[in-house]
Amino acid sequence: DDLIDLELEHIDRILDKINNKDTESYEARIREYNLWKKIKKTAQASRRTGLGFTALGDTLAALGYKYDSDEALLFIEQIMHIKMEAELDCTIDLAILRGPFEGWNPSKEFGTREGDYYQIGNAPLFFGNNSFYNMLIKDFPKQAQRMYQWGRRNVSISTVAPTGSVSILTATTSGIEPLFMPFYMRRKKINKETERVDFVDEIGDKWQEFPVLHPKFKDWIKLTSDWNFNFTEQKIEDLSKEDLQKLFEKSPWYGSTANDIDWIKRVEIQSIIQKYTTHSISSTINLPNNVSEEEV
């Protein structure tokens, strides 16, 4: 919520630059100026936030769940329920402290007319104006009643971003995705005669193969008691593709990569997460070659 205020300050600087410093024609400047005024008005009125997460694939592996297992789906539901409960509490608390977003109107989201409704404590009988708000009343009754009374600070609160760059920084799987592959082999050119040669190309250059591992798979190799032979970075780099495959088959990611999992279960996972997410989801679903257009 504070970041939104910082963004609004930055838009003010942009507006000042267009108005007082840019040298383009008036016609060009006024179009850009009006665009940024609309952006500022929308951001100020709705105060959207996009709370998300990453490393779901590694989280399930760390707990010993196969990514597409029934146990994993149940645990994902529990994660998302707790996450949304916290988000609702936060945005309602902020509405009490700072006021709700500009367009807040409880009658657009909740109603009290006769029909299907829920009784919450001693509060009036009320229901949601669509299936999402009915879900809030049913699954988050305390938060729904508080929201009806106080409003919320942010029109929308959560998303699942792709987190590609973030997952590189955190050295984890990205977003809600499974591990794509545990390792792959790369080649480096050999400059010393004493180095091992794994491949010679068509012009006679010599190359050595080395593995690139998913960071958490590398950590698992170093830490697990079954394979704890004091692996160093160099020793891991010297492992053969066959040895790495044997290690992978003993790891918690085995059977849980993008090409291993049941893609129907992958869709089910996304549906669970979407239930508790108020914006869009970044999602990649790998399908087998024989999937028909009708199935897609």
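This is a predicted model: local features need pLDDT of at least 70, side-chain atom pairs count only at pLDDT 80 or more; totals for chains, interfaces and linings use all residues.

**Rings, charges and a helix**

Reply: The charged end of K188 lies over the ring of F210, at 5.6 Å from the ring centre.

A pair of aromatic rings is described by how far apart the centres are and by the angle between the planes. Searching the whole structure gives 10 aromatic pairs. One of them joins F101 and W104 edge-to-face, with 6.3 Å from centre to centre and 75° between the planes. The angle counts as edge-to-face because it is over 60 degrees. Both F101 and W104 are buried.

Another pair is made by F110 and Y148. This pair is edge-to-face as well, with centres 5.9 Å apart and planes at 90°. Which parts of the chain does the pair of F110 and Y148 link? F110 belongs to strand β1 (residues 110-111), while Y148 belongs to helix α7 (residues 141-150). The two residues are 38 residues apart, and the pair links distant parts of the chain.

Y148 has a relative accessible area of 24%, which lies between 20% and 50%, so Y148 is partly exposed.

Rings can also join into a group. Ring pairs connect F217, W220, F248, W253 and Y254 into a cluster.

Now the start of the chain. Helix α1 (residues 2-20) has 19 residues, which at 1.5 Å a residue should span 27 Å. Its end C-alpha atoms are 27 Å apart, so the two values agree. The buried residues of α1 are I4, L8, I11, I14, L15 and I18. They cover an arc of only 115° around the axis, and therefore lie on the same side of α1. The face turned away from this buried side carries the exposed residues L3, R13 and N20.

Part of the cover over the buried residues of α1 comes from α2 (26-46). Helix α2 has 21 residues and reaches 30 Å from its first C-alpha to its last, close to the 30 Å expected at 1.5 Å a residue. After α2 comes R47, which has a positive phi near 50°.

Methods: Residues are numbered from 1 along each chain as its sequence is written. Side-chain values use heavy atoms; hydrogens and water are left out. Rings of Phe, Tyr and Trp (its six-membered ring) pair if their centres lie within 6.5 Å; planes under 30 degrees apart count as stacked, over 60 as edge-to-face and the rest as tilted. Buried means under 20% relative accessible area, exposed over 50%, partly exposed in between (1.4 Å probe, protein chains only). Helices (H or I, at least four residues) and strands (E, at least two) are DSSP runs, numbered from the N terminus. A charge sits over a ring if NZ of Lys or CZ of Arg is within 6 Å of the ring centre and within 35 degrees of the ring normal. The expected span of a helix is 1.5 Å times one less than its number of residues. The arc is that of the directions from the helix axis to the C-beta atoms. Contact means heavy atoms within 4.5 Å.
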